[in-house]
Amino acid sequence: MPRIYPTPCSATSAGKSINYAVEHQCPQCGAPVTLGEDTRFFVCEFCRVRSCIAQKGFPRYYLSPSPDIPRDADLFYLPYWRFKGVRYPWDETGVKPRFMDISALALEDMPPEIPFSLGFRSQALTLKLISREPRGSFIRPLPSEVVLKEKAPRSRAKAPVFKEDIGETFSLIYSPFYSRENELMDGVLNRPLGQSQKFRPSEQDLCRPWAETHFIPGLCPGCGWDLEGRPDSLALVCRNCHSLWRARGNQLSRIKARFARPGQEGDIMVPFWKIRARISPMILSSYADLARQANLPKTITTEWENQPLFFWSPAFKIQPKIFLRLLTQMVIAQPDPPFSQTLPKNIYQPVTLPPSEAVQTVRITMASLFRPLKDILEVLPLTDVEPAEISLVFLPFESRHHEIFHPELNVAINRNVLALSGNL
Ligand SMILES: [Zn+2]
Ligand SMILES: [Zn+2]
């Protein structure tokens with residue numbers, strides 16, 4: 001049975017989240033750059049060149065071995081999966097969302113001296129991208145589903161009836177070890193972990209884990225203008241030719257988005273994913289289906305029977321309680337303003353939640369809204385959600401003193417919890 005222990009930093013329900021530092025190099029001038037792990041776009045302090053960072057698959061890092069390790073030591077790196085995000089667990093009494101920051105050894109049957117999780121360690125140290133071969137061997141991890149999803153809860157708390165994780169960061173972190181006589185050594189601190197039989201991973205367990213990291217010039221592929229964006233933004237904007245871009249593989253690809261027309265220049269453009277999903281076995285394709293399942297205090301009309309149902313997910317990270325409220329408010333409102341493909345000159349809320357994560361909000365919306373709760377919780381684990389259509393849309397919100405507000409939808413978001421930035 002895979003063992004999993006939440007790291008001490010999983011107790012971040014106060015809303016504090018941890019951002020690890022990762023060492024990079026500016027692709028233009030070679031200057032060392034230390035960035036947050038969520039950084040996808042940066043401007044070099046030295047040469048002022050803008051770059052986007054794109055990786056194939058999930059990020060893979062390693063912790064630097066101590067310089068005091070003997071040169072002839074047989075160094076090996078063991079993999080840990082790490083998940084950081086928000087868990088939405090439901091039981092009959094409702095949902096209690098919480099921030100998660102967990103890491104778990106991605107191997108079975110290891111000597112007991114090997115720590116089960118990274119604990120605070122990777123937080124205190126800078127991570128390095130596995131881009132070229134450091135000295136030592138790397139061990140192949142078990143699939144993350146096995147390690148992170150099959151939970152063996154340590155506490156006696158009742159397991160949730162239904163849960164969904166909305167991920168922010170998912171990565172593989174390698175930590176160095178070596179054997180010294182009869183001792184297993186922690187390669188980061190160069191300290192003994194305890195007496196152990198000589199441990200050495202077998203040849204067949206080795207792998208080459210480095211992923212290609214691409215640095216893409218932060219220039220608009222359409223017109224050559226400087227792109228703008230917050231470091232963690234998935235969408236970069238060209239204010240010259242009014243286009244949106246996202247790093248994919250080793251190039252930037254254009255993002256199709258639609259914009260509802262702002263009433264005023266000061267309006268904030270807020271991004272949402274508009275999702276049409278095929279849901280089975282439950283029948284949920286029209287607005288009337290939603291009204292019935294959610295027991296909406298409205299009379300179901302024939303028009304609703306023919307009105308296709310769209311789910312709406314914020315395309316940005318925000319406190320779980322507000323995230324849940326927006327999911328339900330938006331699906332009930334089914335906004336349908338006239339959209340245009342022209343980028344208004346307004347201020348934008350950055351896109352920080354990818355479409356793949358947005359699809360996972362569909363079942364969260366259902367659990368939040370459908371009644372009786374007990375019945376829906378039984379059905380949800382067996383419910384399949386297949387996205388049929390997903391598009392990025394921006395809705396203008398009025399900028400008020402303490403909040404931003406959409407009058408027609410009657411939706412308000414507190415400004416303090418929405419870290420606004422001047423652009424995407
Ligand atoms: Zn530079
Ligand atoms: Zn452009």
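This is a predicted model: local features need pLDDT of at least 70, side-chain atom pairs count only at pLDDT 80 or more; totals for chains, interfaces and linings use all residues.
Me: OK, which protein donors does the zinc ion (ligand 1) have?
Reply: Cys26, Cys29, Cys44 and Cys47, each through SG, 2.3 Å from the zinc ion. Donors here are N, O and S atoms within 2.8 Å of the metal (3.2 Å for Na, K and Ca); water is not among the atoms, so sites may look incomplete.

Me: And Cys26, buried or exposed?
Reply: Buried, because its relative accessibility is 3%. Cys29 is at 39%, so that one counts as partly exposed. The cut-offs are under 20% relative accessible area for buried, over 50% for exposed, and partly exposed in between (1.4 Å probe, protein chains only).

Me: Switching to the zinc ion (ligand 2), what coordinates it?
Reply: The SG atoms of Cys220, Cys223, Cys238 and Cys241, at 2.2 to 2.3 Å. Along the chain, these donors are spaced C-x2-C-x14-C-x2-C.

Me: Why is that arrangement tetrahedral?
Reply: Because the four donor atoms subtend angles of 101 to 118° around the zinc ion (ligand 2). Four donors count as tetrahedral if all angles lie between 85 and 135 degrees.

Me: New topic: how is the protein split into domains?
Reply: The domain assignment gives domain 1 (11–213), domain 2 (218–255) and domain 3 (256–423). Such bounds come from an automatic or database assignment.

Me: How much area is buried between domain 2 and domain 3?
Reply: About 1300 Å², with carbon and sulfur atoms giving 61% of it. On the domain 2 side, Arg230, Arg239 and His242 lose the most area to domain 3, together 41% of what that side buries. Buried area means the accessible area (1.4 Å probe) that two parts lose on being put together, summed over both.

Me: Last one: where is Arg363?
Reply: In helix α7, residues 361–369; helices (H or I, at least four residues) and strands (E, at least two) are DSSP runs, numbered from the N terminus. Arg363 is buried, at a relative accessible area of 17%.

Me: What is Arg363 in contact with?
Reply: Leaving aside neighbours within four places in sequence, Phe162, Glu164, Leu380, Pro381, Thr383 and Val385. Contact means heavy atoms within 4.5 Å.

Notes: Residues are numbered from 1 along each chain as its sequence is written. Chains are lettered from A and ligands numbered from 1 in the order in which they are written. Side-chain values use heavy atoms; hydrogens and water are left out. Four donors count as tetrahedral if all angles lie between 85 and 135 degrees; four count as square planar and six as octahedral if opposite donors are over 155 degrees apart and all others between 65 and 115; anything else is irregular.
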